[in-house]
Amino acid sequence: MPCFFPLEIISRKKMRTSGFVAIFFLIFLSVSSAYPGWKKQYNPCKQLVLYFHDIIYNGQNAANATAAIVAAPEGANLTILAGQFHFGNIAVFDDPITLDNNLHSPPVGRAQGMYIYDTKNTFTAWLGFTFVLNSTKHQGTINFIGADPIMVKSRDISVVGGTGDFFMHRGIATVMTDSFEGDVYFRLRVDVKFYECW
Amino acid sequence: MPCFFPLEIISRKKMRTSGFVAIFFLIFLSVSSAYPGWKKQYNPCKQLVLYFHDIIYNGQNAANATAAIVAAPEGANLTILAGQFHFGNIAVFDDPITLDNNLHSPPVGRAQGMYIYDTKNTFTAWLGFTFVLNSTKHQGTINFIGADPIMVKSRDISVVGGTGDFFMHRGIATVMTDSFEGDVYFRLRVDVKFYECW
Amino acid sequence: MPCFFPLEIISRKKMRTSGFVAIFFLIFLSVSSAYPGWKKQYNPCKQLVLYFHDIIYNGQNAANATAAIVAAPEGANLTILAGQFHFGNIAVFDDPITLDNNLHSPPVGRAQGMYIYDTKNTFTAWLGFTFVLNSTKHQGTINFIGADPIMVKSRDISVVGGTGDFFMHRGIATVMTDSFEGDVYFRLRVDVKFYECW
C-alpha cells in the first residue's frame, strides 16, 4: 500500500530505537524526497518479464490461430489485414504467455483482449488486454491499456490495475516485438514493472 | 486521498491527546503494517453492490434489447453469437443498473461499454465499461476493465478510476453471473469494493 | 509520489525548525484533512488543456479522414453512422492534437484509440484512447477511459495512467465538444487534470 512507504521502511528495519529517532528519520526522508530529479530514481516494487505469442487467423490456420480479425474498415475483409497499415482492423486474442521466447514452452497464463490498428501512415496499435496468470508462482490478473507504436523498438503502456497476487497494483509495461513472421505470427516481450504494490 | 490513511485514523478519533501519544500510535501502526499476511486484511473504504441486466439483440427483440453484436469473426453474423464459444464477438451495451436482482426495479444508472468474447475453448470475455450512476444516493461514474472468465462463479476485475462521487477512486469489482436465459439475457451482480478513496 | 504529499509540503517550506514543530504541523494537517467537504478542495498537481480533431470517413473523404467506422450493428454499413443515435458503431481514430482550437495549428501529438456509440436513445459514447504527445514541451503518453454523454456540455472521464513525462500519473479529464460539423467533423477540448503526479 503506497501510503505506508516511508513508514514501512522504518518497520522493515525492525526498529527498536526510540520514537524520536524514527521521527527524525521520517523527516529526513521527507526532505530528501524534494530534491529535483528525484522522480527519476523510482525502482519497481515488483517486476515480471513475460512473453506472449499471437497467431492471427488468415483463413487457413484455424487450428493454430490464437487471434482473429473481427472488425475492418469499409472494403476490407476479415482474413487479410487491411491496407493502409491495417488501419481500422480490430483483432481479438487469447494468446499463451510463456516465461521465455519459445512458443512451445509451458504457458503460465493467457493474454486476453484486443488490439486496434489505428494509424494510416505507420503501424500503430491501441491495446486493451489482461494477463491471466495461473502458475505455481503467480495467480491473478494484470490489466493493461496504451498506445503501441509497433515500429519503435521499446514502447511503454500503462498497467492500470490487477487482482489476486497483483491486487490493486499499478505500473508501466515496456513492450518489445521479440520476433515476427509476416502478418501471421508475432511475439511480444513484456517487462511489467510495478511501482505501486499493495 | 490514500496518503492520509494512517493520519485519518488518528483524526477520526478526534484526537485531543498530546502529539506524543499520536506519534507513538503512528509508529505502532507502521510496525503492524509489516506483519506477513497483513496485505490480506485490506478493508474497502467504500462498497456498492449493484446488478446490471443485458438483453442481446437477436434479430427479433429490437424493442427490448440493450446490447448488440457489432463485430464477429469471418463467417459469423450479427444476430447469432458466433460458434467456438462466441470467440471474436464484440457486443456494445447500455444496460440498466438496479439495486436488486429485478430487471424491472427502478434503475439507478446505466452500465455502458463493451464485452469481447476472446476464447475459443471456453466462455471468457474481456470487459471495458462504465457505471454511470444517477440517483439520489450516487452521482458519478465508475470505470472498469478486466478479464471475465464467465464460467467461474466469482471473478475479479479492476476499478481503474471514477468521477463525481467516485472521484479518483480505485478498487476491485467482484462479478458473478446472477442469472441467464439462453444466449439472450444475463444478469451480473457486481460487488464494487473501493480500496482507494479520495 | 502521492504518499509524500503531507511531507512534501513540509519539505517545500525548506523547514529548518526543529522536528517538534514539524510533527505538530503534520498532526495539524492530518486533523484538517478530516473536515467535511475537504475532499472538494483538491488541486491538480499538473494540468493541460488540449484539443483534438476527428474527421470521420464517409466514403468520400479518404484523404482527410482521421477516423473510420469499423463495426456496426446488423443492417448498418461502414460509411454512414448507424440509425438509433449510432448505437453499435465503433470508430477507430488517429486524430491530431493541437494547443488551440485550430485544426491547422501544428500538432503536438496524436489522440489514438476508439469510441463506441453505446446508447439507443441519445448520443453517448464509450471512449478508450491515448494521447501520444511529442513536442518540445511534453514527451509521453496519457491513457483515458470513460463514458462520454456527448450532449452534456462538460463530462468527466478517467485518466488511468501515463508514461514518459506522465509516468504513473492519474487524474480526471473534462471533455467538451468545442465544435462539430454534421456527422463528419468534431473537435473536443480536453482539460486534463492530474491529481496524482510522480
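Visitor: Why does Asp94(C) count as buried?

Guide: Asp94(C) has 8% relative accessibility. Buried means under 20% relative accessible area, exposed means over 50%, and partly exposed lies in between (1.4 Å probe, protein chains only). The value falls under 20%, so Asp94(C) counts as buried.

Visitor: How do you know such values, and what do the labels stand for?

Guide: This is a predicted model, in which local features need pLDDT of at least 70 and side-chain atom pairs count only at pLDDT 80 or more, while totals for chains, interfaces and linings use all residues. Residues are numbered from 1 along each chain as its sequence is written, chains are lettered from A and ligands numbered from 1 in the order in which they are written, and side-chain values use heavy atoms, with hydrogens and water left out.

Visitor: What does Arg110(C) form with Asp94(C)?

Guide: A salt bridge, with the closest N and O atoms 3.1 Å apart. The term requires a side-chain nitrogen of Lys or Arg within 4 Å of a carboxyl oxygen of Asp or Glu, and this pair meets that limit. Arg110(C) lies in strand S4 (residues 109-117) of chain C and Asp94(C) in strand S3 (residues 90-98) of chain C, so the pair ties together parts 16 residues apart in sequence. Strands (E, at least two residues) and helices (H or I, at least four) are DSSP runs, numbered from the N terminus.

Visitor: Why is Arg110(C) called partly exposed?

Guide: Its relative accessible area is 30%.

Visitor: Which residues meet in a salt bridge in chain B?

Guide: The side chains of Asp94(B) and Arg110(B) do, at 3.1 Å from N to O. Asp94(B), at 7% relative accessibility, counts as buried, and Arg110(B), at 30%, is partly exposed.

Visitor: Is Arg187(C) buried or exposed?

Guide: Arg187(C) is buried, with a relative accessible area of 12%. Arg187(C) forms a salt bridge with Asp178(C), the closest N and O atoms being 2.7 Å apart. Asp178(C) counts as partly exposed at 31%.

Visitor: What pLDDT does chain A average?

Guide: Chain A averages 85, and 80% of the residues score at least 70; pLDDT is the predictor's confidence in each residue, from 0 to 100. Over residues 1-38 of chain A the pLDDT is below 50. The model scores ipTM 0.81 and pTM 0.83.

Key. Contact = heavy atoms within 4.5 Å.
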